[in-house]
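Student: I would like to go through this structure with the criteria stated. Please give the cut-off behind each term when it comes up.

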Amino acid sequence: MLPITKDYIPVNKYSRAGLKLKAKRGIVMHYTASPGASAKNISTYFASLAQQDGKGRYASAHYSVDRNSIYNSLPDDELAYHCGSETYTKEAVARLGTYPNNSTVGIEMCIEKDGSIHEETFNNVVDLAVYLIRERGFPNVFFTHKGVVGWKECPLPWIISPGEYERFKQAVNAKLNPLQEEVVTEDEDDMNKVLDYAQWTWNELDKYIGDAYNDKIIDEWAWVEKVRKKKLTYGELLMLKVLIDERRRKKG
Ligand SMILES: [Zn+2]
């Protein structure tokens, strides 16, 4: 994971109230809506809000991420103004409470000049999310900004392509549970795959299974047929091999 650059903005009314979070209930995903702006630019912008003269623009997020940096604008156990709204979705209220800024950490994803989220930015955000869950005490609960408030089209690239948001959550889970992921793919993909053998291997297999049938080690002709039609799967072969070897061992 990239190092996190601490760039704390001064405590001020508009972007860093200096209040602690009341709980850690979720991670809220945003995009900057500023094509080409870097993570540093976004952090600088949040700091600049301290100086505004009475425009009343409240905004901040804990982290901003681009292709090669992660900026941290205020401690992630402090309240930031990233998903405040007059109304919230039912799901947000149920899971995050009536004022979600009080219980969430906000991540701003930077976008390229063409408005897209670069794959490197995506990967950096995955790393950051895993860090927040593993080391900063946040649960594996994600919301988009839109999922919290219902009306804001943020992060727009994921509103347009919801599959990307799903891919993000899957990537986080894969990093949190790498072993589980491996077992699942092996079980479900490889075991059900029909064997892709050369003809001579099929001949060997035909003899192996055929002999077992002739010796009454197995009594279903269907297995021999499956081999001859080259329809046997990896999982079936494993099962047959265990069965045949075990029965032959007992017999002999
Ligand atoms: Zn947002």
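Student: Which residues does Leu205 touch, not counting residues up to four places away in sequence?

Tutor: Leu205 touches Leu195, Tyr197, Gly210, Val227, Leu232 and Leu237. Contact means heavy atoms within 4.5 Å. The model is a predicted one, in which local features need pLDDT of at least 70 and side-chain atom pairs count only at pLDDT 80 or more, while totals for chains, interfaces and linings use all residues. Residues are numbered from 1 along each chain as its sequence is written, and side-chain values use heavy atoms, with hydrogens and water left out.

Student: Why is Leu205 called buried?

Tutor: Buried means under 20% relative accessible area, exposed over 50%, and partly exposed in between, with a 1.4 Å probe and protein chains only. Leu205 has 9% relative accessibility, so it counts as buried. Leu205 is placed in helix α8. Its C-alpha atom is separated by 9.0 Å from that of Arg228, 23 residues apart along the chain.

Student: What makes a stretch a helix or a strand here?

Tutor: Both are DSSP runs, numbered from the N terminus: helices are H or I with at least four residues, and strands are E with at least two. The protein chain has ten helices and six strands.

Student: How do you know that the buried residues of α9 line one face of the helix?

Tutor: The buried residues of α9, which spans residues 221-228, are Trp223, Val224 and Val227. Seen down the axis of α9, these buried residues fall within an arc of 100°, so they line one face. The arc is that of the directions from the helix axis to the C-beta atoms. As background, an α-helix has 3.6 residues a turn, so residues three or four places apart point the same way.

Student: What covers the buried residues of α9?

Tutor: The cover includes α8 (199-214) and α10 (234-251). Just after α9, Lys230 takes a positive phi of about 55°.

Student: Which residues of α1 are buried, and why are they said to line one face?

Tutor: The buried residues of α1 are Ala39, Ile42, Ser43 and Phe46. Seen down the axis of α1, they fall within an arc of 100°, so they line one face of the helix. They pack against β3 (63-65), β4 (70-72) and β5 (104-109).

Student: Is Thr32 buried or exposed?

Tutor: Thr32 has a relative accessible area of 12%, so it is buried. Thr32 lies in the loop between β2 (26-31) and α1 (39-48). Not counting residues up to four places away in sequence, Thr32 touches Ile42, Glu108, Met109, Cys110 and Ile111.

Student: Why is Ala33 called partly exposed?

Tutor: Its relative accessibility is 46%, so Ala33 counts as partly exposed. Ala33 is in the loop between β2 and α1. Its phi is near 65°, a positive value in a residue other than glycine.

Student: What makes Lys216 exposed?

Tutor: At 71% relative accessibility, Lys216 counts as exposed. Lys216 is found in the loop between α8 and α9, and has a positive phi of about 60° although it is not a glycine.

Student: Why is Arg134 called exposed, and which residues does Arg134 touch, not counting residues up to four places away in sequence?

Tutor: Arg134 has a relative accessible area of 52%, so it is exposed. Arg134 lies in helix α3 (residues 119-135) and touches Lys175 and Leu176. The C-alpha atoms of Arg134 and Leu176 are separated by 8.1 Å, the two residues being 42 apart along the chain.

Student: Where is the cis peptide bond that joins Cys154 to a proline?

Tutor: The bond joins Cys154 and Pro155, with omega about -5°. Pro155 is found in the loop between α4 (145-149) and α5 (156-160).

Student: What radius of gyration does the protein chain have, against that of a compact globule of 252 residues?

Tutor: The protein chain has 28 Å, whereas a compact globule of 252 residues would have a radius near 18 Å. The radius is taken over C-alpha atoms, and the globule rule is 2.2 Å times the number of residues to the power 0.38. The C-alpha atoms fill a box of roughly 90 × 35 × 30 Å, taken along the principal axes. Buried residues make up 42% of the 252 residues.
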